[in-house]
Amino acid sequence: MSFIFPLRHCSRLLLLNNQIPRFFSVSSAVLQNTSTSDFERYYTKKHEWLNIIDKNSNEVRIGISDYAQQALGEVVYCELPTIGTKYKKSDSFATLESVKAVSDCYMPIDGEITEINEKLKEEASLINKSPYEQGWLAQAKVDDKNIKDIEKSLMNEKQYQQYIKGELDNEKAT
């Protein structure tokens with residue numbers, strides 16, 4: 001997700017290790033594994049996520065992280081890809097329009113779109129309400145090589161949480 005606007009602080013106040021209260025632009029839900037899937041979720045530095053939903057057919061589901069949806073604000077419209085379209089890693093495959101901005105979503109891995117979340121056409125706000133379960137964007141089929149390289153090319157949940165923390169620390173420092 002490429003943001004063209006500065007991240008704003010929301011009204012989340014956290015006390016960490018009895019330190020001075022700090023405001024974060026991310027909810028505590030991002031700081032823990034909220035996956036209801038049997039498989040691990042992987043992330044890009046642009047805040048897209050990927051979850052392997054069928055290891056036998058190399059089927060993955062793709063969406064944006066809770067952190068990204070919070071930064072984007074209320075999503076009011078989404079332009080999803082066409083089924084059968086092939087994308088390379090980092091290609092823009094979807095566009096999300098919020099009350100704040102329009103942002104592109106980028107493919108976390110090479111793949112061919114096999115399904116889109118039709119519910120989002122009528123209820124784009126599912127992205128905000130449930131970015132991991134009901135607000136996913138698309139499913140894609142990827143080849144064996146790409147499936148095997150996911151752990152090397154994307155961040156796991158713990159690495160992503162550390163990445164977000166680093167972004168928040170950098171934002172606070174500026």
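**Chat about a sheet and its surroundings**

Author: Let's start with Ser65, which is found in the loop between S5 and helix H1 (66-72). Helices (H or I, at least four residues) and strands (E, at least two) are DSSP runs, numbered from the N terminus. This is a predicted model, where local features need pLDDT of at least 70, side-chain atom pairs count only at pLDDT 80 or more, and totals for chains, interfaces and linings use all residues. Residues are numbered from 1 along each chain as its sequence is written, and side-chain values use heavy atoms, with hydrogens and water left out.

Reader: Ok, is Ser65 buried or exposed?

Author: Ser65 counts as buried because its relative accessibility is 0%. Buried means under 20% relative accessible area, exposed over 50%, and partly exposed in between (1.4 Å probe, protein chains only).

Reader: And what does Ser65 touch?

Author: Leaving out residues up to four places away in sequence, Ser65 touches Tyr43, His47, Trp49, Pro131, Tyr132 and Tyr160. Contact here means heavy atoms within 4.5 Å.

Reader: Where does Pro131 lie?

Author: Pro131 sits in the loop between helix H3 (126-129) and strand S11 (138-141). Pro131 also counts as buried, because its relative accessibility is 6%. Trp49 is 82 residues away along the chain, yet the C-alpha atoms of Pro131 and Trp49 are separated by 9.6 Å.

Reader: Switching to the sheet: what's the order of the strands?

Author: Six strands form an open sheet in the order S3-S4-S5-S11-S10-S7, with antiparallel pairing. Strand S3 (41-43) and strand S7 (86-87) are the edge strands, each pairing on one side only. Two strands pair if DSSP finds at least two bridges between them.

Reader: How many bridges join S4 to S5?

Author: Six, and S4 and S5 run antiparallel. Asn51, for one, has Arg61 in S5 as its bridge partner. The two strands form a hairpin with four residues between them, and Asn58 in the turn has a positive phi of about 60 degrees.

Reader: Why is S5 largely enclosed?

Author: Because five of the six residues of S5 are buried, S5 is largely enclosed by the rest of the structure.

Reader: Which strand does S5 pair with besides S4?

Author: S11 is next in the sheet order, and four bridges join S5 to S11, again antiparallel. Val60 stands opposite Ala140 in S11.

Reader: How many bridges join S3 to S4?

Author: Three bridges join S3 to strand S4 (residues 48-54). Tyr43 has Trp49 as its bridge partner in S4.
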